[in-house]
Amino acid sequence: MSTEENKQLVLRWREQAYEKKNLNVIDELHAPGYVGHIVGAPGPIRGPEALKQLFAAYFAAFDIHVSSAFLIAEGDMVVVRDTYRLKHRGEFQGIPPTGKELSVTGTDIYRIVDGKFVEQWFEADMLGLMQQLGVLSTPGQA
Amino acid sequence: MSTEENKAIVRRWFEEVINQQRVDRAGELVTQDYVDHGALPGQAPGLEGAKQKWAMYIAAVPDLHGTVEDMLAEGDEVAARWTAEGTHQGELLGVPGTGKRFRFTGISICRLAGGKMAEQFEQWDRLDLMQQLGVIPSPGSGTE
């Protein structure tokens with residue numbers, strides 16, 4: 001796989017998941033041994049089924065639109081930095097829907113082998129998310 | 001500058017500025033008009049602000065250690081996945097020293113110009129750090 005092919009895979013994944021809400025594409029694009037190190041999850045996400053469940057939970061809680069800034073590729077890895085615009089329309093971690101519109105940044109690193117995601121690291125500003133939901137104040141200002 | 005040279009600059013930042021606490025080396029690695037998208041409230045612009053921020057972090061966490069886990073580079077951009085750990089001794093992000101050890105991960109993207117870092121975007125979970133310091137309750141911690 002070239003770095004250009006890897007970047008196209010990431011863009012296709014984003015289009016299918018976030019614009020088309022087609023979570024079945026996870027089976028096509030993620031290796032059976034996929035491991036996700038995803039912010040906010042209690043442990044590694046292992047395998048496509050677990051990733052589908054995680055996505056389903058987020059899509060139930062939020063309408064999500066993503067726009068990508070940086071897209072950097074070298075070897076078998078791709079980095080992408082995104083801004084997520086969310087609308088809180090379903091229960092999230094025990095918080096009933098607020099209808100609030102939020103903006104959160106996130107950065108992913110994907111490791112790709114033979115056209116499939118085998119490993120992923122996702123970092124995001126979960127504190128900013130919770131603050132915008134009105135659940136938390138800023139530490140040190142209580 | 002080659003991608004290997006760019007990666008070496010970022011690696012030096014971790015090894016020298018952070019781990020060896022050589023904030024005085026920052027000027028070799030960062031441009032005067034450096035743009036820090038992870039700037040703290042009140043941070044001065046450019047190189048001076050970056051030095052202030054790291055001097056504050058090191059004063060708050062005297063045993064601060066950053067480890068680069070993965071690095072990739074393309075064109076004039078470098079991305080690094082890293083782990084930060086240390087003991088929270090002094091005031092950090094508005095939180096007085098707790099004495100607690102912490103460990104968290106992040107991903108930073110740097111744009112380099114003329115062999116130095118000109119701009120950086122950091123991404124790490126501030127909620128996780130605040131939970132480790134005990135400032136915000138963790139789910140199931142029994143303090144909610």
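**View 1. What covers the buried residues of α1(B).** The cover over the buried residues of α1(B) includes α2 (26–29), α3 (46–60), β2 (65–74), β3 (77–87) and β4 (101–113) of chain B. Covering here goes by contact, meaning that the C-beta atoms of two residues, placed from the backbone, lie within 7 Å. The buried residues themselves are Asn6(B), Lys7(B), Val10(B), Trp13(B), Val17(B) and Ile18(B). As for the wording, a residue is buried if 20 or more other C-beta atoms lie within 10 Å of its own, exposed if 12 or fewer, and partly exposed in between, with C-beta atoms placed from the backbone. Helices (H or I, at least four residues) and strands (E, at least two) are DSSP runs, numbered from the N terminus. This is a predicted model: local features need pLDDT of at least 70, side-chain atom pairs count only at pLDDT 80 or more, and totals for chains, interfaces and linings use all residues. Residues are numbered from 1 along each chain as its sequence is written, while chains are lettered from A and ligands numbered from 1 in the order in which they are written.

**View 2. Helix α1 of chain B, end to end.** Running through residues 3–19, α1(B) has 17 residues and reaches 23 Å from its first C-alpha to its last, close to the 24 Å expected at 1.5 Å a residue. That expected span is 1.5 Å times one less than the number of residues. Look at Arg12(B), where α1(B) bends by about 25°; the bend is the angle between axes fitted to the seven residues ending there and the seven starting there. After the helix comes Gln21(B), with a positive phi near 60°.

**View 3. Chain B as a whole.** Chain B has four helices and five strands, and from the N terminus on they go α-α-β-α-β-β-β-β-α. The radius of gyration of chain B is 16 Å, close to the 15 Å from the globule rule for 144 residues, so chain B is as compact as a globular protein of that length. This radius is taken over C-alpha atoms, and the rule is 2.2 Å times the number of residues to the power 0.38. The C-alpha atoms of chain B fill a box of roughly 50 × 25 × 25 Å along the principal axes. Buried residues make up 32% of the 144.

**View 4. Where chain A meets chain B.** The contact takes 23 residues from chain A and 23 residues from chain B. On the chain A side, the elements giving two or more residues are β3 (62–74), β4 (77–88), β5 (101–113), β6 (116–124) and α4 (126–132).

**View 5. The open sheet of chain A.** Six strands line up in the order β2-β1-β6-β5-β4-β3 (chain A), with mixed pairing. Two strands pair if DSSP finds at least two bridges between them. At the edges sit β2 (45–46) and β3 of chain A, each pairing on one side only. Strand β1 (residues 30–38) of chain A pairs with β2(A) in the antiparallel sense over two bridges, and Gly36(A) has Ile45(A) in β2(A) as its bridge partner.

**View 6. Two loop residues with positive phi.** Gln93(A) isn't a glycine, yet its phi is positive, about 50°. You'll find Gln93(A) in the loop between β4 and β5 of chain A, exposed, with 12 other C-beta atoms within 10 Å. Leu93(B) has a positive phi near 55° and belongs to the loop between β3 and β4 of chain B. Leu93(B) is partly exposed, with 18 other C-beta atoms within 10 Å.
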